Amino acid sequence: MTSEPVDAGRRREDRLRTAVVPRPTTHDSTPPLSYDPELERLEIELLLEGIFRQYGFDFRSYAYASIRRRLWRRIEAEGLTTISSLQDRVLHEPALMEQLLLDLSINVTAMFRDPTFYVAVREKVVPLLRTYPFIRIWHAGCSTGEEVYSMAILLEEEGLYDRARIYATDINEVVVHRARAGIFPLERMQEYTENYIRAGGKRSFSEYYTAKYDGALFSPQLQRNVVFSQHNLVTDRSFAEFNMILCRNVLIYFDRALQTRVHGLFHESLVHLGILCLGSKESLRLSDYETSYEELSGPERIYRKVR
Amino acid sequence: MIVYEIIVIGTSWGGLSAVSAVVEGLPSTFALPLVVVQHRSPDAPGLLAELLQARTKLRVLEVEDKQALLPAHLFVAPPNYHLLIDRGVFSLTTDAPVRYSRPSIDVTFSSAADAYGRRAIGIVLTGANEDGSLGLKRIADRGGYAIVQDPASAESPIMPQAALRAVPKARVLPLERIAGHLVMIAPRRPPLQPQMGARVT
């Protein structure tokens, strides 16, 4: 490293800050037309194998269509033209691997995403949670934390938060750090406020945050029962028994084999009658665990473990 | 002769009645899967599929992650996700909107173009923005078949006009003739499942 450390640190900070919230894009990133699709697939397999063996991050069972799209965005941003040229750089430059890790692992989310989901949680799940003296919740793949704060707010308003503990995990340490900071873009507060109201919010949403610079800082009170930590769904084991697991719009990035494996992990991590919440277009139907659960809310993908 | 394997349709404003006009004219034995990407608000999930089901003999499904494509089915892109296709299976992502849209027609069309090559048919119908033109161009550039609703017959001509600027050689058809044309060019029997989208040749 020849660059001055402070400067390098700041540059890295800047890069991470802009990278953490993926911006809307003006166009789709796609390979050049001349690119042979079978060669492309081979190169992507080699790249993912290389990343796994060199850095230990295992993206080999990610859904091809979506990881491919994210790889091309990075290739384009770096001014490269082939996947092999990206592989060359990623294997030799740990800093680029760090960037690519963000590209591949950050899932875009929103506070109270799918407000009707939160309505269903209030109506169908909260009454069940009330029967427990202590509630353990695992938010798997929490990304930058928007949905964790949403759940904390909901539990607070339902009077359950003091006996709850939320374990919020993500593969990516940078986003876990970001989630812990609890600062979200101010320009999204209008959208989040609308979501909050439609999600059955009982107070004024602005009570929960303070506007600061260009960010909304969420009340540290909301974090009092949240444990943020790094956890890799692909390679790590279960770490506790939970009454409720939320994993929304994370499994869509996995292929079916990996989805089934992670469903196995969730199944062994849930108590009997524990609750599993998936994204609105994710289904147990294609996993091996369909018969292990009953539906609490079909449209909102809320299930209860029965065997 | 090309044996087509997939039809992707993009539309926004006026899309419900335009898509209805197309799928009403297709038989229940239609040998290809159709995929509809329409911009819409995420507030009424399932509603578009329900409305379309009332108008067609095809089976209508709002796509779930990793759903397999099937002939004689009309697959509707769910709101708030991008819809990708690979090897005959759908994948959803919540990646950032493209040109303010999620689902983005460009994203799905490009994905279909790359997965199916010349065996893809792309159709751009009425719409009040320019999404879909780049995706349709990619379908055409990969040797697929590009169809654009005649802007004169479109409730909003902006989307078909943009598509025609991007793909001047696209086939222009008035809305009422699209279904008949599809019946004519589609294979009689569904392509063999294992081949679907597996290889671009």
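Me: In chain B, what share of the contacts between residues at least 6 apart in sequence join residues at least 24 apart?
Reply: In this predicted model, 73% of those chain B contacts join residues at least 24 apart in sequence.

Me: And how many helices and strands does chain B have?
Reply: Chain B has 6 helices and 9 strands. Its radius of gyration is 15 Å, close to the 17 Å that the globule rule gives for 201 residues, so chain B is as compact as a globular protein of that length.

Me: How much of chain B counts as buried?
Reply: Of its 201 residues, 56% count as buried, and the C-alpha atoms of the chain fill a box of roughly 35 × 35 × 30 Å along the principal axes.

Me: Switching to the contact with chain A, how many residues does each chain give?
Reply: Chain B gives 32 residues and chain A gives 27 residues. On the chain B side, strand S5 (82-86), strand S6 (89-93), helix H3 (105-116) and helix H4 (133-141) each supply at least two residues, and the largest share, 5 residues, comes from H3(B).

Me: What classes of residue make up that side of chain B?
Reply: The side of chain B that touches chain A has 14 nonpolar, 6 polar and 12 charged residues.

Me: Now chain A itself, which domains are assigned?
Reply: The assignment gives domain 1 (5-105) and domain 2 (115-305), with C-alpha centres that lie 28 Å apart.

Me: How many residues of these two domains are in contact?
Reply: In chain A, 11 residues of domain 1 are in contact with 14 residues of domain 2. Helix H1 (5-20) and helix H5 (94-105) of chain A are the elements giving two or more residues to the domain 1 side, where H5(A) has the largest share, 3 residues.

Note on methods: Residues are numbered from 1 along each chain as its sequence is written. Chains are lettered from A and ligands numbered from 1 in the order in which they are written. This is a predicted model: local features need pLDDT of at least 70, side-chain atom pairs count only at pLDDT 80 or more; totals for chains, interfaces and linings use all residues. Helices (H or I, at least four residues) and strands (E, at least two) are DSSP runs, numbered from the N terminus. The radius of gyration is taken over C-alpha atoms; the globule rule is 2.2 Å times the number of residues to the power 0.38. A residue is buried if 20 or more other C-beta atoms lie within 10 Å of its own, exposed if 12 or fewer, and partly exposed in between; C-beta atoms are placed from the backbone. Two residues are in contact if their C-beta atoms, placed from the backbone, lie within 7 Å. Ala, Val, Leu, Ile, Met, Phe, Trp, Tyr, Cys and Pro count as nonpolar, Asp, Glu, Lys and Arg as charged, and the others, Gly among them, as polar. Domain bounds come from an automatic or database domain assignment.
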